[in-house]
Amino acid sequence: MLVVMQANASEEEIGAVCKQIEALGLKPHPIYGETRTAVAVVGNENGIDLGSLELMPGVADCLPVTKPYKLVSRELKPDDTILVIRTPGGDVKVGGAHIGVVAGPCSVESREQAFAAAERVKAAGVGLFRGGAFKPRTSPYSFQGLGLEGLKILSEVRERFGLGIVTEAVDNESLELVEQYGDVIQIGARNMQNFSLLKRAGRSRKPVLLKRGMSATLEELLMAAEYVMSEGNYNVVLCERGVRTFSDHTRNTLDLSVVPAVQRLSHLPIMVDPSHGTGVRRKVRPLSRAAVAVGADGLLIEMHPDPDRALSDGMQSLSPDEFDTMMRDVRQIAGVLGRVVN
Ligand code: PEP
Ligand code: MN
């Protein structure tokens, strides 16, 4: 249920509503929107009578939320969430008029490789750097990432270039480390329904980049985000990264139509990852352009200083020069739409 506060409700009145919800044994989630504050009450499986809330000072209305996902849904928060990612180089915004780009290699391979990539990411005017230290690989014999050493390299990148760090956590143990060294916790496609990991990310104070599972429906994606938010972390950005289909000219099929579908149902920003979404280098630029044209709130791009020698995902990684060209294109398309690219 959603307790909608009056436009002029005071902090004390909002606080009293939250206390009353807790007194009933439930969890309040205050949502501060542009035009109104609402307090969501979730987890009322036993149908506790919430009638008392309607009569409290400052309360305008109590509305049922009809969707299975609550905190994620637009019913609950009509205006777009603009995620603000704090980086040493300044805030990077994702959502609303802001298109956030995350770029860098698939994996951190060495300090030299990460620095070479970061230099070009920074030069392209992009504020967020990616690079996996813990890699979920299909084969146990493939490069698994540098682990903690990789995170330390990423934090050097952070200090040296002022870039925010986006990196994947694959389990609770790596999540603690990612939380310590990174700025955004990435949950990968293979872990989109790892519910204990989602809950752990929900208890973190760092923003979460949640990738769509390779055979996840829209509702499953939104429910995964709900897991994170239900634990109190409202800083979630979704990411479309391609799904499995019969189509075999690309590694995955990038489902760009999910972008407007998500935006209709949810206030959360959604990025697109055309690198994993296609698996093919020459398809990354056209699909980046398409992603921005369709309204994506961000792009996740694999870029490697020497793609042909990459230890993972070289086939889909752009060279730094190709990355520059792509960025030029997407900035122009964003401008037509009245949006800015970080
Ligand atoms: C990645 O971003 O490097 C990655 C492994 O992506 P996904 O989880 O989408 O496969
Ligand atoms: Mn990759």
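These legends describe close-up views of a predicted model.

**View 1. Four strands form an open sheet in the order β2-β3-β1-β4.** The pairing in this sheet is antiparallel. Strands β2 (27–32) and β4 (59–63) stand at the edges. Each has a single partner strand, so one side of each is left without a neighbour in the sheet. On average, neighbouring strands are turned by 20° against each other, direction ignored. Strand β1 (residues 2–5) runs antiparallel to β4, and four bridges join the two. Within this pair, Leu2 stands opposite Leu63 of β4. Helix α1 (residues 11–23) packs on the sheet. The helix touches β1, β2, β3 (37–42) and β4. The direction of α1 makes about 155° with that of β2.

**View 2. Strand β10 (residues 184–187) has buried residues pointing both ways.** Val184 and Gln186 point one way. Ile185 and Ile187 point the other way. In a regular strand, side chains alternate between the two faces of the sheet. Strand β9 (residues 164–168) runs parallel to β10 and is joined to it by three bridges. Here Val166 stands opposite Val184. Between β9 and β10 the chain passes through helix α5 (residues 172–181), in a right-handed β-α-β crossover.

**View 3. Strand β10 also pairs with β11 (residues 208–211).** Three bridges join these strands, which run parallel. Val208 in β11 is the bridge partner of Ile185. From β10 the chain crosses to β11 through helix α6 (residues 195–202). This β-α-β crossover is right-handed.

**View 4. Four residues coordinate the manganese ion (ligand 2).** The donors are Cys106 (SG), His276 (NE2), Glu302 (OE) and Asp313 (OD). They lie at 2.1 to 2.4 Å. Their spacing in sequence is C-x169-H-x25-E-x10-D. Glu302 lies in strand β14, and Asp313 in the loop between β14 and α11, so the pair ties together parts that are 11 residues apart in sequence.

**View 5. Two of the manganese donors, Glu302 and Asp313, are shown again.** Is Glu302 buried or exposed? Glu302 has a relative accessible area of 1%, so this residue is buried. Asp313 sits in the loop between β14 and α11. The phi of Asp313 is near 55°, a positive value in a residue other than glycine. Most residues other than glycine have a negative phi.

View 6. The buried residues of α10 are Val284, Ser288, Ala291 and Val292. An α-helix has 3.6 residues a turn, so residues three or four places apart point the same way. The cover over the buried residues of α10 includes β7, β13 (270–272), α9 (274–278), β14 and α11. Gly295 follows α10, with a positive phi near 110°.

**View 7. Helix α11 (residues 320–336) has 17 residues.** From first C-alpha to last, α11 reaches 25 Å. This is close to the 24 Å expected at 1.5 Å a residue. Buried residues of α11 include Pro320, Phe323, Met326 and Met327. Asp329, Val330 and Ala334 are also buried. What do the buried residues of α11 pack against? Their contacts are β7 (98–104), α3 (111–123), α10 (281–294), β14 (298–302) and β15 (340–341). Just after α11, Gly338 takes a positive phi of about 70°.

Notes: Residues are numbered from 1 along each chain as its sequence is written. Chains are lettered from A and ligands numbered from 1 in the order in which they are written. This is a predicted model: local features need pLDDT of at least 70, side-chain atom pairs count only at pLDDT 80 or more; totals for chains, interfaces and linings use all residues. Side-chain values use heavy atoms; hydrogens and water are left out. The expected span of a helix is 1.5 Å times one less than its number of residues. Buried means under 20% relative accessible area, exposed over 50%, partly exposed in between (1.4 Å probe, protein chains only). Contact means heavy atoms within 4.5 Å. Two strands pair if DSSP finds at least two bridges between them. Axes are lines fitted to C-alpha atoms, for helices over the stretch in contact, and angles run from 0 to 180 degrees between N-to-C directions. A crossover is right-handed if, with the strands pointing away from the viewer, the path from the first strand over the helix to the second runs clockwise. Donors are N, O and S atoms within 2.8 Å of the metal (3.2 Å for Na, K and Ca); water is not among the atoms, so sites may look incomplete.
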